[in-house]
Amino acid sequence: MSRSTIPQSTIHRADADLKRSWRSRFQALPPPARRALRDALLDLREDALCRAELQWRRHKAPMACYWKAVGVYAGHLARALH
């Protein structure tokens, strides 16, 4: 069965709805505000990934996972603002 014939699950539909909702909210922001928010999120991403690496080297895996997740989410949001 090809991927295009697989029916979307409720989770996939909800995810698509959320993406559309947030995309329209981000597009409603004035361009300077979007750029400033994107820059702040990219800075947060860089800082969080550095913290994740530091925590991993200190053998504190739960905190490393937390900071890694923060960095990934910040990067995803920054990409959505682009």
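**Close-up views of side-chain contacts**

**View 1. Tryptophan 22, at 43% relative accessibility, counts as partly exposed.** The model shown is predicted. The count of aromatic pairs comes to two. In one of them, tryptophan 22 and phenylalanine 26 have ring centres 5.9 Å apart and planes at 45°, a tilted arrangement. The two residues belong to helix 1 (residues 10–28) and are four residues apart, about one turn of the helix. Phenylalanine 26 has 9% relative accessibility and therefore counts as buried, the limit being under 20%. Tryptophan 22 also has a charged group over its ring: the charged end of arginine 25 sits there, 4.7 Å from the ring centre.

**View 2. Phenylalanine 26 is buried at 9% relative accessibility, and the rings of tyrosine 66 and tryptophan 67 form an edge-to-face pair.** The centres of the tyrosine 66 and tryptophan 67 rings are 5.0 Å apart. Their planes meet at 75°, so the pair is classed as edge-to-face, which requires an angle over 60 degrees. Tyrosine 66 is partly exposed, at 46% relative accessibility, whereas tryptophan 67 is buried, at 17%. The charged end of arginine 51 lies over the ring of tryptophan 67, at 5.0 Å from its centre.

**View 3. Arginine 34 is buried and has no salt bridge.** This residue is part of helix 2 (residues 31–57). The nearest side chain of opposite charge belongs to aspartate 39, 11 Å away. A salt bridge needs a separation within 4 Å, so aspartate 39 does not qualify as a partner. The side chain of arginine 34 instead reaches a backbone oxygen, that of leucine 29, at 3.1 Å. Beyond its neighbours within four places in sequence, arginine 34 is in contact with Phe26, Gln27, Leu29 and Leu81.

**View 4. Glutamine 55 is a buried residue, with 13% relative accessibility.** Glutamine 55 lies in helix 2. When neighbours within four places in sequence are set aside, its contacts are Lys60, Met63, Ala64 and Trp67. Trp67 is itself buried and carries the charged end of arginine 51 over its ring.

**View 5. Histidine 59 has a positive phi of about 65° without being a glycine.** Most residues other than glycine have a negative phi. Histidine 59 is located in the loop between helix 2 and helix 3 (61–81). With a relative accessible area of 73%, histidine 59 is exposed.

View 6. Aspartate 15 is partly exposed at 36% relative accessibility, and lysine 19 is partly exposed at 48%.

**View 7. Arginine 20 and aspartate 17 form another salt bridge.** The closest N and O atoms of this pair are 2.3 Å apart. Arginine 20 and aspartate 17 are three residues apart in helix 1, so the separation is about one helical turn. Aspartate 17 has a relative accessible area of 45% and is partly exposed.

View 8. Glutamate 53 is partly exposed, with a relative accessible area of 41%. Arginine 57 is at 54% relative accessibility and so counts as exposed, the limit being over 50%.

Methods. Residues numbered from 1 in each chain as written. Predicted model: local features only at pLDDT ≥ 70, side-chain atom pairs only at ≥ 80, totals over all residues. Heavy atoms only, no water. Buried < 20%, exposed > 50% of the residue type's maximum accessible area, 1.4 Å probe, protein only. Lys, Arg positive; Asp, Glu negative; His and termini not counted. Polar contact = N/O pair within 3.5 Å; in protein donor to acceptor, adjacent residues only side chain to side chain. Contact = heavy atoms within 4.5 Å. Phe/Tyr/Trp six-rings, centres within 6.5 Å; stacked < 30°, edge-to-face > 60°. Lys NZ or Arg CZ within 6 Å of the ring centre and 35° of its normal.
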